[in-house]
Every structure is written in C-alpha cells, then in structure tokens.
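Thanks for asking me to look over this one with you. Here are my notes, point by point.

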Amino acid sequence: MQCAAVFMPGDNMKLITPKASLQIEIEQLKTELSHLKASAKKQSKKLKQSEQRFTLAMEGVNDGLWDWNLKTNEVYYSQKWKSMLGYSPEELSDSFSTWEKLVHPDDKDYILAKAMDYIEGRTSSYEVEMRMQHKNGQYVYVLSRGLLVKTESNDKPCQFIGTHVNITNRKRAEELNEKNAEILEMVAIGAPASKVYDAIALLYESRYPGMRCSMLELHGSKLIHGGAPSLPQAYCDAVSGLIYGPHVGSCGTSTYTGKRVLVEDIETDPKWKDIKQFALPHGLRSCWSEPIKNSQGEVLGAFGMYYNHPALPNDEELEDLRAAARLAGIVMERDQAQRTIKALAYTDELTGLSSRASFCMHVDEMISQSKRHGERFGLMYVDLDNFKSVNDSLGHDVGDQLLKVVANRLKETCRDIDLVARLGGDEFCVLIKEVSDDYDAAYVAQRCLESIHKPLELSARKIIPECSIGIAYFPDDGEDLSRLLKAADISLYDAKHKGKNQYAFYKPELTKRAERQFYVEHLLREAILKQQLSLVYQPQFDVDTGELIGVEALSRWNHRELGEVPPTQFIEIAEKIGMIKPLTQWVIATACEQLLMWHQQGGSDLRVAVNVSPTLFSDKDLPQMIKESTGNTGIDASELVLEVTESVVHTSKSNLPIVKELKQLGTTLALDDFGTGYSSFASLKHLEIDSLKIDKYFVNDILKDKNVLLLVEVMIDIGRRLGYRTIAEGVESQEQFNVLKSLGCDAIQGYLLGRPMPGYEIAKMQFH
Ligand code: C2E
Ligand code: MG
Ligand code: MG
C-alpha cells in the first residue's frame, strides 16, 4: 500500500494512512456533490425565472407568443397571438388544432415540415412566413420564429416556443411593388392599353376584397370605357359615352373638375342623381374617383373605386386611389402617343386618305377574312393621266391641290364600305368590298372615271383631270397582297396602253364583258327614255266559265343590234341602273291606254296586271303614278292589278302606308311567283293580297311529282281559306289544266290558252 502526503488546510503536514485518505476523498466528493446540487437548483430556478421573464417580455411587445409542449402536444397562445387574428383570449382554445384551423391550407404542410426539420435537428433555426385567417375572413401574413427548450437530463427537446409577428403590411407592399413592376413591364413591351387597365384594376381589387375598379378615358368631353374587368358589362355600357360635367357621378365630375371626388353613398349623393339608376341595380353604393392626368397635368380620364356598401376611403385606400390613377396615367399617356403615331403612320398627310401602310394592313386582313368566308373582293389601282405635266407646268403646289381634289372625288364616289388610300405620288388604291358579280368593281371604276373627269379651276387654269384604272379580283387574280397589287398594276398599264381615261381588268375578257354590259345599259337607258319598249299581253281565263278575265302586261325590248332581250335580263339591268321607275311608269300608262282602247272596242270586265319590282313597290311615288295613268285614261284603278313578288312581303313594314294608299285607290294586289320565295303568312294578311299566282315552277311538275301536287293543293287551300283567288301560271297542257281545275284553282294563265300577244290580238280573242 502506498502512502500519500495530503495537505489539509489548517493542519500541519502529517502522514496519513491509505484508508484515511480514501475516507477524506469520499468526504470531499460528497461536499462537491452537495455544491453541485445547490448550484443546479439555483440554475433551474434561474431558468424558470428567465422563462417567466421571457414570457412577460413577449407579452409586453407587439409579438404574439406560442408555446408548444412537445410531450403533451398542448399549445399555449398569448393574448397578443389571438388578438393579432382578431380574437379575444377566450374565443380560441389553447390547442394545436387552433393553429391548424387558422393557417392557410396551402401553407400548412410546408410550415409543419419546417418545424419538424428544426425539432429533429436537421436545421439549426426556425423562421417561416405563413398566412393565417383573421376573424374577419381575410388572411394576414405572419412571421413565425421559434426556439427549442431541451430537458435538463437527456437533452431531448420538450418545448418549442416562439413568436408571431404580423407582417401583412410589409407583404402587401412587396406584392404591390411586384405587381406594379409587372404592369410597367406590360407598358414597356407595348401590351394593349385595355389589357393593362384590366391588370391595374385587378391589382387594386386583390388588395381590398369587395372593391371593384374602373378606368374611363376622356375623349373630348365624352367618357369612354377603358377597363373594368369586375364591373357588370351593362353598367360599363351605360356609363360609356356619358358627357362629363359638374354632376355626372364620381368620374364624370372628377374629370370635369380635375379633382378627386369621394362619394360615400351613390343613393343619396346629388352628383349621382341623374345616373344612379345605372349603378344601384348592380349593387354599387360608393364610388371614389381620382382624375387620371398626363405629365403636363391634363386630365386624360378617371380611375374609379367602387364598393357595394356606403363607404369613404381609409388612409391606405386613399393612397392607393392616388397611386392607381398615377399608374393608369402612364398607360393612357403612352396609349395616346401611340395612337397619334399610328394615325400619322396610317394616314396620308396631304389627302387625309389611308396611307400605303394602312392600306396593306387592311388588304391583308381582308384576305384572311375573305378566305374564311369564301368571299371575293376587288382591288382598284387608280393613276392620274398626265399628272407629271401638271406638276411641271403649274408647279408642285398646284399638283398637290389637284391630288387633294382627286382624293375627295374618289372618297365621295366610292361606297362607304370601300377603303380609299393614296399609295404615293398620283397613285391611289381602292379596296372594293362585297362584290357580288364581276361588274361591281367595274361600276365603281366607271363612276370614279366620271367623277374625276369633271373640270376644275386651279391657279386660274381650267383643268379636266383624267385617270386610268386597273382592277384585280381576290382570289381570282392573286391570293396575296403582292400578287393582287401586281395584277392591278398590270391591268392599270393595260388601261393606259389602250388610251387612258378608262379601266381594265386583269382578265381581258372581263373588261370586254364589262364594256358590253355598260353598252347594253346605255342602250336600255336610251330605249326606256325614248319609249322604245313594247308591251304584250298574256290572257288569263276563269277555270270554271272559260271566260277571259284579264291579261298580264309583259314588257318586250327588241333592239336592232341586240335583238330580242329577255325581260328577266333587261328588268334586272333597269333595276341596277335606276331606270325601273320610268319603265314601270310607261308600262302602267301604256296598259291603261290599252285597256281604254279595249273598252272602246266593246270589251269590258277585263283587268290588266302589271309587274311592279320590289324596289318600286316601296316608292312613295307609285300611287301617284297610278293616279295619273288612270286619271288620264278614265280607267278605274280597280281594273289594275299590281303583281308583286314575295320579297316585298319582307319589307312590308315600310310599305304599309303605300299599300294602304294603293288599296284606297282601289287597285288589287297579286302575289307573283308564289311559293318560290319565303312567304310569311302574317305578312300575307296585312299586305291585303287579293290573289296568289302559283309559279310555273310548280305547274311544270304537277303531273310528275306527288309532293309538288300536294304543295299546289296546299297553296290553293291557303288561298281559299284566306279569301284569295288563285291563278296558276305557265299552264302548257290540258292535263295540267285538269288537275288544277280539280284542285279548285280559280284562274289559268299559260301557253295552253294563250301566249303573250299584242293588244289587238287580245281584242280579237275577247270579241269573238
Ligand atoms: P312573270 O311576271 O312571272 O311573268 C310570267 C312569265 O312567264 C312571262 O315571261 C311569260 O311569258 C311566261 N309564261 C307564261 N305562260 C307560260 C308558259 O305556259 N310557258 C312558259 N315557258 N312561259 C310562260 P316573260 O314575259 O319572259 O317575263 C319574265 C319575267 O320578267 C316576268 O315574270 C316578270 O317578272 C318580268 N317582267 C316582264 N315584264 C315586266 C315589266 O314590265 N315590269 C317588271 N317589273 N317585270 C317584268
Ligand atoms: Mg308577273
Ligand atoms: Mg310569275
């Protein structure tokens, strides 16, 4: 056993045995242990105190405190924690489920995962942002930080405590900045103004649930709808177009005064007195409006914020109203500038017509549209003849004036739907829409040639301008812009080559046909004016008695060069060139004279039917025409039958007063070609038709087709029930006659009983 020298305080050095030494060591350890225990107790007390102090401190600051006992799963929420979400302490229980219920469902799993990472030591800190639902239903942004408290013994976490800070304002500001940046980016990349307006409205609407925003643009003194994605369309339509003024709602007033207008209650505010009926039915009750101004301070429009309840803005809303109007101002100013640039680019400065750029764009659009609908359109290239000599001899100013005159003449001559453009120099182009036949463009071209060819005085010099025109058709002569222009250009060259002051089609045969058409038109005009047409009469017989009861007067045009032109052709041309009125006037007068002649020859009880074109039937001069002809001859108007086709039935509303007048005169009406158009039975009634003429088309097939037979039977039946007489046209055989007779048809007209013939032939028939 070894001996050790141990120095005891206060003792003198002495030799101690090993047993005694062990004893001393034990004593020393005991003392140390009791010291340690005392210190641990002290420490634990300290910890408790510091925890309490922490709790108290947290209660004192603006943060909410939570304390999650990981063993029992109990969670303590401080009063602040609860009040941050709008609740009083007793309204929320201290349990984990409280948090679970209030956290945004989209955030919950993510937050829990973060917490577990920290608790299980995979991360060294816990700091997360989450959305939690406030008692008022809205979500608030919360910053949550936490610390783990470990047990004294085994170093295992037993508590997870932390704070909640409301960071909604910061988040809203961040979001606002982000969205503002997105909107400015839209402006920078040139997004359409209406899209940007919608984005601005949606941005502010997302900040205030229940709020709806609108932007109105000021055009002159008119407020035009700019964007309001959440307001009812009917409301937007109703306010768009209003004229601004001192009492025109919130936006009308703010644009007028240039000052902010806050209307708490639309129902009672005098500024809304005249227009509240547009807003109230849609639930709109309050409206605040900030004038939108450009960088020079001029009012461009107004930004409006609406709520469905009476309200005035709080500070934040007021600031947002200002900011929204500023943002909208940037967009509106840019949009206006772009529109001005566009107008400059798309308008020819000298003449005010569309520019080449605009024209090309329109033709491109027209091509896609026409392709979709399988339509045709015409492109007319107009070039002044000898323009260079005007410029050279009279100067460029006079040349410019001439171009302006020509531009005006072209614009006035073309139809509203056509687009007239100046391509440059003395070249003009016309886009001719809605062409139904090859001649439509030729008509426009012909009118342009005539209108440009009128004399005018420039710089005291008389000038008679002339032009040449080339015409191309889409898709016939080119399926894209460049081919079409080329085709029109080639035809223009052709027209110039042939001697100027004329037009030419890309396809020469079209030019020839159009020239022929115009020639025929010219001859017909002349023939009608010189009364070179003649009338033939086709007899109509009573089916039962076989008596001649009337005739139909039919026009004939026999031209020495053209020969016999079928009436179906020349009647159509007469309608097109506006000569149907003098033609019909002549027909009625001639028919009345013929009737008088038959009377004088002993014939009586004969009615004469004349065909009246639908266009003329709505002409207010028609009754006067009849009065004159009957008055001049002493013929009773009741001896005159007007044959009209079914198409007049459709224009019946506007025809009603004329029909009344005709009826008062005593004339009778026959519905010609019955069954081939679209009859409306209601109209049949109010047109006061006297007889129905069953078309030859049905009579032709009456023996061959059972369905046709049935149709004719029905027509006769309808006629009988409505009190009309029925007359069948185009009866060529005895068999047809017999069937019609058996069906109860009243009268017959057709080659079987008589072809159209001169008046004296009728006289012979009647008086035999
Ligand atoms: P619409 O009024 O239906 O006249 C009946 C047509 O059928 C006449 O042809 C007549 O000659 C023809 N027709 C009569 N019976 C028979 C027959 O048994 N067989 C055949 N194949 N044909 C028969 P048209 O004279 O050629 O007249 C054709 C159309 O021209 C008329 O049809 C009418 O719509 C129009 N029209 C003729 N003259 C005038 C007029 O002076 N003014 C107006 N606005 N239209 C007229
Ligand atoms: Mg007829
Ligand atoms: Mg007919």
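This is a predicted model: local features need pLDDT of at least 70, side-chain atom pairs count only at pLDDT 80 or more; totals for chains, interfaces and linings use all residues.

1. The values below are computed from it, so to speak, as it stands.

2. Let's begin with ligand 1. The space it takes is the largest pocket. There are 21 residues around ligand 1, and Gln 538, Ser 555, Asn 611, Glu 732 and Tyr 751 come nearest.

3. The shell residue Tyr 751 uses a backbone N or O atom, which lies 2.8 Å from an oxygen atom of ligand 1. From the side chains, a polar atom of Asp 673 lies 3.2 Å from a ligand oxygen, and one of Glu 729 lies 3.3 Å from a ligand oxygen. As for cover, ligand 1 taken alone exposes 790 Å², and the protein buries 83% of that.

4. Which elements each supply at least two residues of the shell around ligand 1? They are β21 (548-559), α17 (567-576) and β25 (668-674). Of the elements, β21 gives the most, with four residues. By class, the shell has eight charged, seven nonpolar and six polar residues.

5. The largest cavity holds about 190 Å³ of space. It is lined by 15 residues, and Trp 66, Trp 68, Phe 96, Trp 99 and Tyr 126 are the closest to its centre.

6. The lining of this largest cavity draws at least two residues from each of β3 (64-69), β4 (75-77), α3 (96-102), α4 (105-119), β5 (126-133) and β7 (157-166). Here α4 gives the most, with three residues. In class terms, 13 of the lining residues are nonpolar and two are polar, with no charged residues.

7. The second largest cavity has a volume of about 80 Å³. Its lining consists of 13 residues, and those nearest its centre are Leu 216, Tyr 235, Val 239, Cys 251 and Ile 275. Two or more residues of this lining come from α7 (233-239) and from α8 (249-257), and α8 gives the most, with four. This lining divides into ten nonpolar and three polar residues, with no charged ones.

Methods:
Residues are numbered from 1 along each chain as its sequence is written. Chains are lettered from A and ligands numbered from 1 in the order in which they are written. Side-chain values use heavy atoms; hydrogens and water are left out. A residue is near a molecule or strand if one of its heavy atoms lies within 4 Å of it. A polar contact is a pair of N or O atoms within 3.5 Å; within protein, one must be able to donate a hydrogen and the other to accept it, and residues adjacent in sequence count only if both atoms are side-chain atoms. Accessible areas come from the Shrake-Rupley method with a 1.4 Å probe; for residues, only the protein chains shown count as cover. On a 1 Å grid over the protein atoms alone, a cavity is a set of points where a 1.4 Å probe fits but cannot get out, and a pocket is an open set with protein on both sides within 12 Å along at least five of seven lines; lining residues have an atom within 4 Å of a point. A molecule sits in a cavity or pocket if more than half of its atoms lie within 2 Å of its grid points. Ala, Val, Leu, Ile, Met, Phe, Trp, Tyr, Cys and Pro count as nonpolar, Asp, Glu, Lys and Arg as charged, and the others, Gly among them, as polar. Grid points are joined across faces, edges and corners, and a volume is the space filled by probe spheres set on the points.
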